[in-house]
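Here's a quick tour of a protein with a ligand. Have a look at the model first, then read on.

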Amino acid sequence: MDVFKPMDISDNSQEEVIESVEKVRCLIIGSGPAGYTAAIYASRANLKPVLYTGLQMGGQLTTTTEVENYPGYPDGITGPVMMDDFKKQAERFGADIRFGIATDADFSSVPHKITIDGSKLVEADTVIISTGATAKYLGIEAEQKYAGMGVSACATCDGFFYKGKDVAVVGGGDTAAEEATYLAGLCRKVYMIVRRDVLRASKAMQERVMNTSNIEILWQHQAVDLFGENGVEGATLVKKKGTPHEEIVKIKIDGFFLAIGHTPNSEVFSKFIDTDEVGYIKTVPGTSKTNVPGVFAAGDVQDPHYRQAVTAAGSGCMAAIDAERYLAETGD
Ligand SMILES: Cc1cc2nc3c(=O)[nH]c(=O)nc-3n(C[C@H](O)[C@H](O)[C@H](O)COP(=O)(O)OP(=O)(O)OC[C@H]3O[C@@H](n4cnc5c(N)ncnc54)[C@H](O)[C@@H]3O)c2cc1C
């Protein structure tokens, strides 16, 4: 699967023909740590959850090798094996896990209506949206070639593997500034590759970057390629691209971190569900409740800040408990 492109589920141009209708108490959309954890809790609470996996069964972690920061695995574990464990645990309690993609949603009345694969209507008393967020990449071929071999979109996840080494962070916003300062605490040297001649990051973040001695900002540089035998050994950049002063610059690095944003997979619900300007679903602070009663959100799709497996799993647990309490209160 192409891990670098958000899946396009927004094409509603073809007329949907509903072939079947099913009623469920709890529908979970997405099979990452948030969705599977919600499924474990919801099935143990006897909500008989049905979970649709989406295209990427197991979620983002299936695209990585080592996961070393998920509690309970002292020797680390590979992402695909960990997600298979999540799935087995949910199935053990009776969660009904199916392959399918939510292609449309109508939350204007209860029960909530979700269309799966354009042809199946699920009427659900409660819905847990756990569709994740997809990291943005530059779109250069080398990002795919070196995926898991020096290219990463998550400093918290992968920074540790580059302890004492030289890395580059692409981006000039708050996330890039945060990732760069985080990596500066682990790595020997951090280059920030910034397209413009200013940072978009907040004043406070800019100051932190400027006051960190092992961060070097490469202003007006754009990454165009990566090189290396068995992993990233360096990047090719273009300085002042498109000007008479254009220049090719090569830097030696071991890791290449993208920090140019994420796309939350919330579009299919956006007619009814409040999101922020980027598309992250808004939840009532401290809960998984969205603006629509009976619809809850968990994991990266509602989390612009942490985006970790353990926080996604934690919020999946919250969503299942919120769904159970909602059903108890409404008598459904
Ligand atoms: C390469 C990589 C390495 C990482 N390493 C770590 C790490 O070491 N430690 C860590 O804590 N975190 C790590 N992360 C981050 C972690 O993977 C995420 O924070 C976590 O997976 C988020 O979980 P989630 O359940 O919210 O969403 P995701 O894991 O993104 O899962 C989303 C799910 O929703 C499904 N979906 C999307 N749209 C639809 C739809 N319309 N209908 C049905 N299903 C849909 C997808 O198929 C997928 O199953 C890493 C991420 C990446 C990309």
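An N or O atom in the side chain of Gln60 sits 2.8 Å from an oxygen atom of the ligand. That makes a polar contact, a pair of N or O atoms within 3.5 Å. Bear in mind that this is a predicted model, where local features need pLDDT of at least 70, side-chain atom pairs count only at pLDDT 80 or more, and totals for chains, interfaces and linings use all residues. Residues are numbered from 1 along each chain as its sequence is written, and side-chain values use heavy atoms, with hydrogens and water left out.

| Residue | Protein atom | Distance |
|---|---|---|
| Ser31 | polar side-chain atom | 2.8 Å |
| Pro33 | backbone N or O atom | 3.3 Å |

On its own the ligand exposes 990 Å², and the protein buries 95% of that (Shrake-Rupley method, 1.4 Å probe). Around the ligand are 32 residues (a heavy atom within 4 Å), and Ser31, Gln56, Gln60, Asp300 and Ala309 are the closest.

Now for the nonpolar cores: sets of buried Ala, Val, Leu, Ile, Met, Phe, Trp, Tyr and Cys residues joined through side-chain atoms within 4.5 Å, with buried meaning under 20% relative accessible area (1.4 Å probe, protein chains only). The largest has 31 residues, and Ile28, Tyr70, Met82, Phe86 and Ile128 touch the most other members. A second, separate core has 22 residues, including Ile29 and Val301.

Terms used
A polar contact is a pair of N or O atoms within 3.5 Å; within protein, one must be able to donate a hydrogen and the other to accept it, and residues adjacent in sequence count only if both atoms are side-chain atoms. Buried means under 20% relative accessible area, exposed over 50%, partly exposed in between (1.4 Å probe, protein chains only).
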